[in-house]
Amino acid sequence: MKLSKESICVQSGHFPYQAHTLPIIPSSTYVFDSAEHGMDIFTNKQKGYIYSRFNNPTVDFAAEKIAALEGFGMDQLPACYLTSSGMSALSTLFLALLKPGDKILSHFSLYGGTDELFHRTLKALNIETVIVDFDDLNAVEATLKNDKAIAHIHIETPANPTLRCVDIQAIANLAKQYQKKLSVDNTFATPLLQQPLLLGADFVIHSITKYLNGHGTAVGGAVIGKDLEWMDTIFKKAFRLLGAAYNPFEAWLLVNGLKTLPLRLRQHTANAKTLAEYLNKHPKIATVNYLALSDHPYHNIAKKQMEDFGGMLSFELKGGFEAGTQFLNKLQLCVRAVSLGTCDTLVSHPASMTHIGVPREDRIKYGISDGLIRLSVGIENIQDILADFEQAL
Ligand SMILES: Cc1ncc(COP(=O)(O)O)c(C=O)c1O
């Protein structure tokens, strides 16, 4: 039976002992019936488990759910590997794809860790990142045409923390034309709100730490890829050798979190819309970045490629950094913390927290000002969130 994305999130499976919920199998190694059985599994003649750095039944169940969601509506489902963090998803993918001398084409703003991975760790391996303004498709095309070392394009949309969006389909078309692969960090949107593979991307990355887990109980990542043969050979090898594996308990937390993802996202989005409208009219607020606001510069791109606008927003107080810190310190319900996508409202200050490693001039140039405050709007009663903001402002 063909299920909707909402039902895929909720759906259980057929488990040993007729268990209704997913069993956690915390086994590092697996037993072969005979020497021949072991050899057959090692040589891929038979499917089976070998060692949990390679794969694990609990983790596989969770990975298949993410593949079904990201690949919803596709003729052939993509492959999904769950990893120990969003950062290990990114680093494993880039180390599997690239070699010294290759370049990545990307944009600003990105999650601070991704930016540092590009400009520090990968740069030290002689894998450089070229940053271009992705609002300017001609500039993207000119770079692809002129710089033959560019081997890969990576985008994050909506991007952390500015909510800038990139037109996935337009970039996927350019990637195809110039025979490059495209990866999209879909952490902010989740596959319920945006499916980059359907829009032409080759890979999707997630920090499953965020909305997919939904409760702030585990750090994790996912790499989803369309090219099954590449995923099953080159990526699988890198994944196993770099030791990026996820663990069964956290995969179990993920599967439980996914069950309420559709409901949570609806409430996150409804609350974020109300809060953004309130902030937009508030005399002490200078700017509000929320994609549902029709005057937001990326409203139209978001509307085109997302099913809804999600629960992330950022804003700036008129008093800049000073006013921002005072506001953060006065909050009583909303939580001062980095990360996002948990049930409760999280408030952070990118310049001194998530993006502290990004050079100030780059931050400012691309909209991460000293006073910018990022909000992951939770699913509390919106009246309580509004009351907390009112007293703090
Ligand atoms: C958009 C985005 N991508 C990747 C990451 C890295 O994920 P993790 O912290 O799970 O390693 C984050 C973390 O905040 C993020 O916001």
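**Helix packing, domains and ligand shell**

Helix α11 (residues 261-281) packs against helix α15 (residues 382-392) at an angle of about 30°, and their axes lie 10 Å apart. Axes here are lines fitted to C-alpha atoms, for helices over the stretch in contact, and angles run from 0 to 180 degrees between N-to-C directions. Helices (H or I, at least four residues) and strands (E, at least two) are DSSP runs, numbered from the N terminus. The angle therefore makes α11 roughly parallel to α15. Angles under 35 degrees count as roughly parallel, over 145 as roughly antiparallel, 65 to 115 as roughly perpendicular and the rest as oblique. The crossing of α11 past α15 is right-handed. A crossing is right-handed if the near helix is turned clockwise from the far one by less than a right angle, and left-handed if anticlockwise.

The model is predicted: local features need pLDDT of at least 70, side-chain atom pairs count only at pLDDT 80 or more, and totals for chains, interfaces and linings use all residues. Residues are numbered from 1 along each chain as its sequence is written.

On the α11 side, the contact is made by Asn271, Thr274, Leu275 and Tyr278. On the α15 side, Ile382, Ile385, Leu386 and Phe389 take part. Two residues are in contact if their C-beta atoms, placed from the backbone, lie within 7 Å. The contact of α11 with α15 has six nonpolar, two polar and no charged residues. Ala, Val, Leu, Ile, Met, Phe, Trp, Tyr, Cys and Pro count as nonpolar, Asp, Glu, Lys and Arg as charged, and the others, Gly among them, as polar.

Met87, Leu90, Ser91 and Phe94 of α4 meet Gly113, Thr114, Leu117 and Leu122 of α5. By class, this contact holds five nonpolar, three polar and no charged residues.

The ligand has 14 residues around it, and Ser85, Gly86, Met87, Tyr111 and Ser207 come nearest. A residue is near a molecule if its C-beta atom, placed from the backbone, lies within 6 Å of it. Three residues of the shell are nonpolar, nine are polar and two are charged.

The protein chain is divided into domain 1 (15-258) and domain 2 (261-392), with bounds from an automatic or database domain assignment. Their centres, taken over C-alpha atoms, are 27 Å apart. Across the boundary, 30 residues of domain 1 are in contact with 34 residues of domain 2. On the domain 1 side, α5, α7 (168-177), α8 (190-193) and α10 (248-258) each give two or more residues. That side has 14 nonpolar, eleven polar and five charged residues.

Some backbone details fall in loops. The peptide bond from threonine 157 to proline 158 is cis, with omega near -10°. Asparagine 160 and proline 161 are also joined by a cis peptide bond, with omega about 0°. Proline 158 sits in the loop between β4 (150-156) and α7, and proline 161 is found in the loop between β4 and α7. Tyrosine 17, a residue other than glycine, has a positive phi near 60°. Tyrosine 17 lies in the loop between α1 (5-10) and α2 (35-42).
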